[in-house]
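Dear colleague,

Please find below the structure that I am handing over to you. My findings follow it.

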Amino acid sequence: AGKSLDKLAVNLKEHAEQYMVRLPIEVFRQLSQAKAKINIQLGTSVVQLPVSVWAEDVNDKTTSITVKIVKPSATEEKAWLSNLNQRSKGIKPVSELLHVQLLAMADQQGATSLPHKHQLMITIDNVSSEPVLGIYGFDPAKQQWVFISESLPSSGKLTFEAETSMYVAAMSYTNSFTDITNHWAKNSIDWMAARMLAGGYE
């Protein structure tokens with residue numbers, strides 16, 4: 001972090017299924033007062049978290065804030081993506097599938113999970129090569145995929161709010177239907193298919 005503490009950049013180069021970034025409460029308060037963001041680099045993706053939005057969930061007993069990032073096992077990811085493929089063959093992942101959890105640590109009390117929802121931003125490199133980008137979430141308990149948000153055109157930056165129970169990933173959508181190329185409702189069909197509201201056969 002620089003002197004102004006306007007941003008804390010963390011580059012996680014090692015490949016692991018779980019990452020923990022711990023902020024002592026003094027550092028957290030400085031970042032919060034400066035309305036700073038935490039940028040966590042994971043491969044070609046950057047997860048950004050605005051610190052100040054958590055401030056109201058921290059009390060005098062909090063000693064540190066931990067950002068916990070978990071990736072599914074290879075077996076889980078294969079099964080979950082197979083589930084997605086059954087719903088839409090046109091949706092493909094372009095970032096890692098991640099579960100982000102915010103934990104408030106307090107002496108004698110252990111860890112407490114912060115809000116049920118939190119704001120994140122994932123930045124994708126080479127966005128121009130992807131036709132349509134969006135954020136999708138998977139809830140392991142419900143075994144269900146949901147469409148969360150789409151990106152601004154060509155920005156590569158997807159800002160969204162996600163349930164803490166969900167694993168999230170940026171996905172691209174490519175029309176997989178061969179019979180709607182010149183159809184008058186093609187744009188509407190693509191819009192619904194990208195959100196998993198409509199399906200069909202290739």
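Four aromatic pairs are counted in this predicted model, where rings of Phe, Tyr and Trp (its six-membered ring) pair if their centres lie within 6.5 Å; planes under 30 degrees apart count as stacked, over 60 as edge-to-face and the rest as tilted. The rings of Tyr136 and Phe147 have centres 5.3 Å apart and planes at 75°, so this pair is edge-to-face. Tyr136 belongs to strand E10 (residues 133–139) and Phe147 to strand E11 (residues 144–150), so the pair ties together parts 11 residues apart in sequence. Helices (H or I, at least four residues) and strands (E, at least two) are DSSP runs, numbered from the N terminus. Tyr136 is buried, at 2% relative accessibility, whereas Phe147 is partly exposed, at 24%. Here buried means under 20% relative accessible area, exposed over 50%, and partly exposed in between (1.4 Å probe, protein chains only). One aromatic cluster is formed by Trp80, Phe138, Trp145 and Tyr167.

In helix H1 (residues 25–33), the buried residues are Ile25, Phe28, Leu31 and Ser32. Seen down the axis, they fall within an arc of 120° (taken from the directions from the helix axis to the C-beta atoms), so they line one face of H1. Exposed Glu26 and Gln33 sit on the face turned away from that buried side. Just after H1, Lys35 has a positive phi of about 55°.

As to sources, residues are numbered from 1 along each chain as its sequence is written, and side-chain values use heavy atoms, without hydrogens and water. In this predicted model, local features need pLDDT of at least 70 and side-chain atom pairs count only at pLDDT 80 or more, while totals for chains, interfaces and linings use all residues.

Yours sincerely
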